[in-house]
Amino acid sequence: MHVTRGFTGRPRVLDPGLPPGQYDAGDDWPVLSAEVTPDLAPADWSFRVDGLVAEPHTWDWEAAHALPASGYEGDIHCVTGWSKFGVRFGGVSLDCFLALVRPHVSATHAVAYSHTGYSTNLPLADLTGGRAWITWEYDGTPLAPEHGGPARLVVPHLYFWKSAKWIAGLTLLDHDEPGFWEGNGYHARGNPWEEQRYSGD
Ligand SMILES: Nc1nc2c(c(=O)[nH]1)N[C@H]1C(S)=C(S)[C@@H](COP(=O)(O)O)O[C@H]1N2
Ligand SMILES: [Mo]
């Protein structure tokens, strides 16, 4: 519901698409990185899923692109307050990767980690059911390096810090294990609709 699209930058407190405490960033797409943007070529990128799975597997750029294309079109919400409406990411659904490694029944959580060392934890249920993607396109063009290119995780129904840039892999666990921000006071799950910003929220 983007009825006030023309008034970018104004708080849209009545917009049902805006979670509590968020504002519309309009056409801006802020860059939030704890690290220096890595110089990571597609040829050097890989994505691995291991931990509590039947068959750990690593995909290179070509193998990942051979999986069925899928994407997300909708909104994203950063815990610092900005939301961005109607973004478009292209890549592959995490369901495809997970189907190939076959998670063990005991797997309940995952740690997503980046080629840079960044990490973030998620319940496995938030990564399945067509709600999470490994993406390499934004608006139909290659994802920019500062936004996580060549490839990033996108889990748009949670605060955007869960969407690890320069994604390198997922380790499936039978317990929750805090990642980078979660170990620094941020919420374990980060549901923007419940304003789960900090641990204790
Ligand atoms: N590797 C890595 N991924 C990351 C971050 C980071 O610092 N490093 N920041 C997170 C945060 S806090 C947000 S809001 C989004 C920002 O993505 P953007 O810079 O493309 O807007 O990336 C998330 N993924
Ligand atoms: Mo963020």
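The following legends describe close-up views of a predicted model.

Residues are numbered from 1 along each chain as written, and chains are lettered from A and ligands numbered from 1 in the order in which they are written.

View 1. Lys 165 is placed in the loop between strand 10 (152-154) and strand 11 (167-173); strands are DSSP runs (E) of at least two residues, numbered from the N terminus. Lys 165 is buried yet has no salt bridge. Buried denotes under 20% relative accessible area, exposed over 50%, and partly exposed the range in between (1.4 Å probe, protein chains only); a salt bridge requires a side-chain nitrogen of Lys or Arg within 4 Å of a carboxyl oxygen of Asp or Glu. The nearest side chain of opposite charge, that of Glu 35, is 6.6 Å away, where Lys and Arg count as positive, Asp and Glu as negative, and His and the chain ends are not counted. Leaving aside residues up to four places away in sequence, Lys 165 touches residues including Val 31, Ser 114, Glu 146 and Arg 152 (heavy atoms within 4.5 Å).

**View 2. The site of ligand 1.** Ligand 1 is surrounded by 20 residues, the closest being Pro 30, Ala 34, Glu 35, His 147 and Lys 165 (a heavy atom within 4 Å of the ligand). Oxygen atoms of ligand 1 lie 2.7 Å from a backbone N or O atom of Pro 30 and 2.7 Å from a side-chain N or O atom of Arg 152. A nitrogen atom of the ligand is 3.0 Å from a polar backbone atom of Ser 163. The protein covers 98% of the 530 Å² of accessible area that ligand 1 has on its own (Shrake-Rupley method, 1.4 Å probe).

**View 3. The salt-bridge network at Asp 126.** Asp 126, Arg 131 and Arg 189 are linked in a network of salt bridges. The N to O distance is 3.3 Å for Arg 131 and Asp 126, and the closest N and O atoms of Arg 189 and Asp 126 are 2.7 Å apart. Arg 189 lies in the segment after strand 11 and Asp 126 in the loop between strand 7 (119-123) and strand 8 (133-138), so this pair ties together parts that are 63 residues apart in sequence. Asp 126 is buried at 3% relative accessibility, whereas Arg 131 is partly exposed at 33% and Arg 189 is partly exposed at 27%.

**View 4. The pair Arg 48 and Asp 50.** These side chains meet in a salt bridge (2.9 Å, N to O). Arg 48 is partly exposed, with a relative accessible area of 30%, and Asp 50 counts as buried at 16%. The whole structure holds seven salt bridges.

Note on methods:
This is a predicted model: local features need pLDDT of at least 70, side-chain atom pairs count only at pLDDT 80 or more; totals for chains, interfaces and linings use all residues. Side-chain values use heavy atoms; hydrogens and water are left out. Helices (H or I, at least four residues) and strands (E, at least two) are DSSP runs, numbered from the N terminus. A polar contact is a pair of N or O atoms within 3.5 Å; within protein, one must be able to donate a hydrogen and the other to accept it, and residues adjacent in sequence count only if both atoms are side-chain atoms.
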